[in-house]
Amino acid sequence: MTRGSQLRGKTAFVGAATFGCGEAPGYTSIEIAAEAARLAIADAGLKTSDMDGLFICMPNDFLAGLTIAEYLGIRPRMTNSSRTGGSAFLTHAEWAMLALDAGLIDYALICYGSNQRTGAGKLVAAQVPSPFEAPYRPNNPVASYALAASRHMYEYGTTSEQLASVAVAARQWANLNPDAFRQGPLSIEDVLATRMVSDPLHAADCCLITDGGAAVVMTRADRAKDLRQTPVALLGAASATWHIEIAQLADLTVSAAQESGRRAFAQAGVSPAEIDVVNLYDAFTINTIMFLEDLGFCAKGEGGPFVASGAIAPGGSLPVNTNGGGLSFCHPGMYGLFTMIESIRQLRGEAGDRQIAGAKLALAHGNGGTLSSQATCILGVPDTV
Amino acid sequence: MTQAPPTATYFKSLADGKFMIQRSPSTGEWVFYPRMIAPRTGAVDLEWAEPSGLGTVYATTVKRMKPPAENVNVAIVELDEGPRLMTHVQSMPAEDVFIGLRVRARIVDGPDDGKIVVFEPDSAE
């Protein structure tokens, strides 16, 4: 038995919450994160003082672990402000799994908050510009993803209509989610009629810029079963990093999700065909296509036809981003934690009109940088352990 | 042997009118961007050499600007020697740049103080 499979189901998510998704005017980012944390801890039926492991990544507070410890007035045994961009929170779950299993901590709080919409008014980037990219003034991050999309189109014949169908599916899910920031009808023609930002990506191919915070609480399986909520088991967690500048990615049509996914599936002992719901980081429509391919839900190059078939939309064979995703639900800058929140809600059966009946296994996938850091978590209901 | 500062050396060469990148004689591999050690191989025998300046567009996008500003091409060019770099393809409409286009390097003034490498269609082909 591998070390990975020994960790399967040893830890669980026992609390989850969001706060301020969309617009939270007047709040600072740490206030949004702290409120999400309070709600997640209450959801678990625990006390703030129970949290002895803190995991956090904030828009531009590089010592956020210290900030949140002070803010909550606790003295954690482990503080982790590790940054990998929007995938950070899934890597936090991976580290929390290890630390909990090793007995170094008993309760891990993973949290995030951002007021980028009402505070900064634009995407707050934490990436240091490269001296070899910056002089070309790429309109990052969209330029990097547009370059990847151009290559995907060139190699596989992926079309603008197929990209647009990702945004349409996300909107259809968002229309079932009362908390979604962007709602209303959206057609492929509507997407293609929006302003071209960086060819081939239109404005509606790009994620929202919103406020929002989220938090989850993890503990070991033995403690989890005595808490308020039905625990959601962490069956597998893996991450991979291949590059940071888009020009350094060996094949612009293949991300490190191929590697993080393969390892997470191996750890969980399940296959893509068994997954009931997928929540992935759709910063741009090309992400959904690439990640579905890289994670093994369809073959490389077939992502375009797959999403255009309606497979990922409500009523389709593979529900993807059932909250509406970063494209229509909310995107406060580093969206990764929301892929875990929606997976937990689906597996707890709390997703209301968008609930996937009988969902037992969910995959959450985060992306950081410019297709750079990839992190995958596989979650399951108790009887999958 | 420890490299002279790679980033500074690169931009100094451009300022002197030469597009120079690193190459490792032991592995035969060309390297971009400039580094203290070669990626993957860890080779430390990096030396500066002038590539052919010829390459092929690997990926391309158009940064759409609000008029009257003109749209700007942003591309990744694969040098014939192997490495890729972010750049602009110029001397043609930004929207007309396509993957597979053969291009040739040119040194121009960058948006800040230094010089940068851009590309234009290689008329010889």
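In chain A, Tyr145(A), Ala148(A), Ala149(A) and His152(A) of helix α6(A) meet Ile286(A), Asn287(A), Ile289(A) and Met290(A) of helix α11(A), where contact asks for C-beta atoms, placed from the backbone, within 7 Å. This is a predicted model, so local features need pLDDT of at least 70 and side-chain atom pairs count only at pLDDT 80 or more, while totals for chains, interfaces and linings use all residues. Residues are numbered from 1 along each chain as its sequence is written, with chains lettered from A and ligands numbered from 1 in the order in which they are written. Helices (H or I, at least four residues) and strands (E, at least two) are DSSP runs, numbered from the N terminus.

**The helix pair in chain A**

- Helix α6 (residues 142-156) of chain A packs on helix α11 (residues 285-294) of chain A at an angle of about 55°, and their axes are 9 Å apart; the axes are lines fitted to C-alpha atoms over the stretch in contact, with angles from 0 to 180 degrees between N-to-C directions.
- That angle makes α6(A) oblique to α11(A), a label for what is left once angles under 35 degrees (roughly parallel), over 145 (roughly antiparallel) and 65 to 115 (roughly perpendicular) are set aside.

- β1 (residues 21-24) of chain B pairs with β3 (residues 47-49) of chain B in the antiparallel sense over three bridges; pairing takes at least two DSSP bridges between two strands.
- Here Arg23(B) has Glu47(B) in β3(B) as its bridge partner.
- β1(B) is also joined by three bridges to β2 (residues 29-31) of chain B, again antiparallel, and Ser24(B) stands opposite Glu29(B).
- The hairpin of β1(B) and β2(B) has four residues between the strands, and Gly28(B) in the turn has a positive phi of about 75°.

**Strands β4, β7 and β8 of chain B**

- β4 (residues 54-63) of chain B and β7 (residues 102-109) of chain B are antiparallel over three bridges, with Gly55(B) partnered by Val103(B).
- Seven bridges link β7(B) to antiparallel β8 (residues 115-121) of chain B, Arg106(B) pairing with Val118(B).

**Where the chains meet**

- Chain B brings 21 residues to the contact and chain A brings 20 residues.
- On the side of chain B that touches chain A, β4(B) gives the most, with six residues.

Terms used: Two residues are in contact if their C-beta atoms, placed from the backbone, lie within 7 Å.
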